[in-house]
Amino acid sequence: MWSRRQGRLRPTVCGVEELRRRRREQEAALRKARREQQLVSKRLLREDAPEEAGEGCVAAILGEAEVQQFLRQAQRGTEEKEREGALVSLRRGLQHPETQQTFIQLEGSMRTLVGLLTSNQALLQLEAARCLHELSHSEQSTIAEACLPATSYLLTYLSGHSSDFIELCLYTLGNLIVESEAVRRQLLPQGIVPALAACIQSPHVAVLEALGYALSQLLQAKEAPEKIIPSILASTLPQHMLQMLQPGPKLNPGVAVEFAWCLHYIICSQVSNPLLIGHGALSTLGLLLLDLAGAVQRTEDAGLELLACPVLRCLSNLLTEAAVETVGGQMQLRDERVVAALFILLQFFFQKQPSLLPEGLWLLNNLTANSPSFCTSLLSLDLIKPLLQLLPVSNVVSVMVLTVLCNVAEKGPAYCQRLWPGPLLPALLHTLAFSDTEVVGQSLELLHLLFLYQPEAVQVFLQQSGLQALERHQEEAQLQDRVYALQQTALQG
Amino acid sequence: MQLPPALCARLAAGPGAAEPLPVERDPAAGAAPFRFVARPVRFPREHEFFEDGDVQRHLYLQEVLMQVADAPEKPRVPAFACQVAGCCQVFDALDDYEHHYHTLHGNVCSFCKRAFPSGHLLDAHILEWHDSLFQILSERQDMYQCLVEGCTEKFKTSRDRKDHMVRMHLYPVDFRFDKPKKSRSPASVEVPGDSGERSEGEAMEICSEPVAASPAPAGERRTYSHRSVSKLFLKHVLNVCSVLRILGCTWAAALLILNSER
């Protein structure tokens with residue numbers, strides 16, 4: 001189940017260094033895009049049969065005359081193979097932005113293509129859909145908008161039975177959706193939400209993954225919280241999405257990744273999260289987290305973090321809802337195995353993907369903040385020491401680790417007794433040496449709680465040059481008051 | 001980061017919540033200048049906290065683009081013909097056959113042999129074209145259901161329904177799967193003014209379909225003018241005949257007679 005996802009696409013033959021360089025460039029570009037809130041990615045399904053991909057898979061740019069010729073051949077050719085061949089040639093040409101521009105500027109071209117898309121010749125239909133798919137990959141919204149005449153048909157075909165074709169339509173729709181608000185403004189009244197709700201009942205894994213992709217693109221739209229998410233929540237989609245996330249033999253990782261991201265976009269928009277909690281989102285996601293931790297233990301597979309990330313986010317955000325407390329009068333999520341699972345994932349992130357540590361710690365904060373039970377679990381499962389081992393990773397991680405420890409300490413003497421003696425005080429003395437104000441500030445808060453509920457700690461603090469550690473920060477504006485207060489406590493103790 | 005060995009065992013064991021230690025807060029804990037309050041945190045959509053995870057997600061999506069080179073080849077099989085009566089299409093790949101079957105034979109009207117993209121549209125067609133009770137009822141109440149999945153509106157006439165689909169659902173005026181029923185005469189054909197291009201294109205389809213049954217999908221009136229396409233029509237009839245001759249079909253002869261009467 002958790003073995004490496006068998007995509008239909010395999011890695012290119014390319015030097016490892018070259019791949020790494022490309023990936024770094026890509027990452028930099030994506031970060032920039034995200035900061036500008038322009039993060040857009042598309043999926044391209046390209047299936048060139050090996051013999052066609054013979055001499056350099058790069059097809060030539062087509063001029064106006066050629067585009068016209070291929071269209072005419074496709075429409076009026078005598079032999080079926082000839083017509084198909086014309087569309088294949090057109091499709092290859094459409095890999096180029098220049099050909100795409102030429103195509104949409106040619107009068108009647110889209111009309112012809114839509115005619116072929118809706119023709120009775122199954123293979124022509126498929127090729128025409130592939131041409132549309134190439135167009136959908138364009139980064140220009142004018143080209144996406146040129147595809148508007150086709151959308152009602154793409155939606156109609158979603159309730160068909162040919163799974164490859166449906167998959168292609170879904171990826172095409174997903175690409176068009178993300179490119180242009182005009183496309184979304186048309187697709188919503190055309191009934192994309194009911195069409196997806198019907199299609200999600202398909203038994204085909206490839207169709208479900210494509211649907212998840214298209215839905216995730218729809219949910220990322222800027223106007224989604226007001227215009228899209230309410231109708232999605234009102235449909236049967238949430239229940240089906242949660243079903244796709246239930247651990248068990250039917251869970252498909254590729255499908256689960258897409259729907260987990262869909263859920264994340266819905267939940268972080270905070271439209272109506274109690275509804276999702278009512279559908280059992282918390283327990284489903286909690287069980288999935290356990291399943292993920294189990295998978296991490298069994299295999300070294302990279303790729304699990306693609307699913308872990310949105311699951312962590314969903315759980316964390318859902319835990320902030322008041323509804324979490326009121327259902328049955330207690331938290332829906334009480335199983336301490338969730339804490340065990342989370343730490344297994346934290347260790348996995350520590351080794352494979354440290355950038356996800358903050359997200360894991362965010363969940364830990366939300367689990368422990370208002371829960372004496374989970375704080376007790378942290379102590380009884382002996383997790384304080386591993387938590388402290390994360391301190392050196394980064395300032396952000398340090399602050400979060402210290403915050404979680406504060407969550408435990410603030411519950412009172414019974415908790416602080418279990419934090420002392422132990423590695424906590426030495427760790428705090430160490431973080432007091434940091435220069436980051438937030439890290440030091442959080443350390444001061446924790447020290448305060450420790451001194452309050454476990455006064456014996458003061459002596460040892462003094463013996464280990466604690467005062468000098470404090471002095472370092474007494475000029476810092478944001479820390480002064482707290483430093484002074486602690487110095488007083490220490491001296492009086 | 002080293003986890004205690006008992007942790008895995010805990011994960012494998014059954015569900016359970018720890019019995020919480022007693023909570024006992026001192027008011028001095030939250031007294032100024034200290035300000036810590038334990039609280040769950042929420043992050044909204046665009047928060048920069050999500051940057052790293054979002055970038056990973058998009059790298060994943062784009063990887064599918066980068067690794068484009070080797071698509072697995074379609075498994076080829078010895079050529080075989082579609083088994084549906086009257087269909088002479090031949091295939092050498094199962095995927096192609098699957099798509100052909102679903103497109104042309106999947107949702108077929110048993111009355112007029114028209115093929116539809118979905119069961120939903122087939123049902124609507126049968127009701128509106130072949131159900132006499134429907135005709136009777138529609139004189140008294142709104143029976144024409146909107147074709148958009150999820151919309152429950154009904155209308156008195158197919159024209160009203162089309163207006164609704166165009167206005168409310170932004171569907172194209174010439175939506176191919178919603179043509180009004182017109183009376184059919186098998187040997188005569190007229191071309192609708194605006195879709196000359198398309199109808200010519202569709203004339204091709206006679207090649208691979210049994211000519212006795214028109215393969216047009218829901219409501220689509222494939223109509224051709226005598227004058228403008230008769231030559232083309234004849235050419236295709238001949239193509240069909242040569243194919244059919246090979247297959248030994250006898251009604252090809254009938255078709256020739258029909259054509260020669262023009």
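A word on conventions: the model is predicted, so local features need pLDDT of at least 70 and side-chain atom pairs count only at pLDDT 80 or more, while totals for chains, interfaces and linings use all residues. Residues are numbered from 1 along each chain as its sequence is written, chains are lettered from A and ligands numbered from 1 in the order written, and side-chain values use heavy atoms, with hydrogens and water left out.

Let's begin with chain A. Its secondary structure comes to 30 helices and 0 strands, where helices (H or I, at least four residues) and strands (E, at least two) are DSSP runs numbered from the N terminus. The C-alpha atoms fill a box of roughly 100 × 50 × 40 Å along the principal axes. Of the 493 residues in chain A, 63% are buried, meaning under 20% relative accessible area, with exposed over 50% and partly exposed in between (1.4 Å probe, protein chains only). Among contacts in chain A with a separation of 6 or more, 74% join residues 24 or more positions apart; contact means heavy atoms within 4.5 Å.

Now chain B, please. Here we have 9 helices and 6 strands. Buried residues are 41% of its 262 residues, and residues 24 or more positions apart supply 38% of the contacts with a separation of 6 or more.

Back to chain A for the helix pair. Helix H2 (residues 64-76) of chain A packs against helix H4 (residues 97-105) of chain A at about 65 degrees, with the axes 9 Å apart. Those axes are lines fitted to C-alpha atoms over the stretch in contact, and angles run from 0 to 180 degrees between N-to-C directions. H2(A) and H4(A) are therefore roughly perpendicular, a label covering 65 to 115 degrees. Which residues meet there? From H2(A) come Glu64(A), Val67(A) and Leu71(A), and from H4(A) come Thr99(A), Thr102(A) and Phe103(A). By class, that contact has 3 nonpolar, 2 polar and 1 charged residues.

Last stop, Cys416(A), which sits in helix H25 (residues 413-419) of chain A. Is Cys416(A) buried or exposed? Its relative accessibility is 0%, so Cys416(A) counts as buried. Leaving aside neighbours within four places in sequence, Cys416(A) contacts Ala409(A), Leu449(A), Leu450(A), Tyr453(A) and Gln454(A). Leu242(A) is 174 residues away along the chain, and its C-alpha atom is 39 Å from that of Cys416(A).

Thanks, and I'm happy to take questions.

Technical notes
Angles under 35 degrees count as roughly parallel, over 145 as roughly antiparallel, 65 to 115 as roughly perpendicular and the rest as oblique. Ala, Val, Leu, Ile, Met, Phe, Trp, Tyr, Cys and Pro count as nonpolar, Asp, Glu, Lys and Arg as charged, and the others, Gly among them, as polar.
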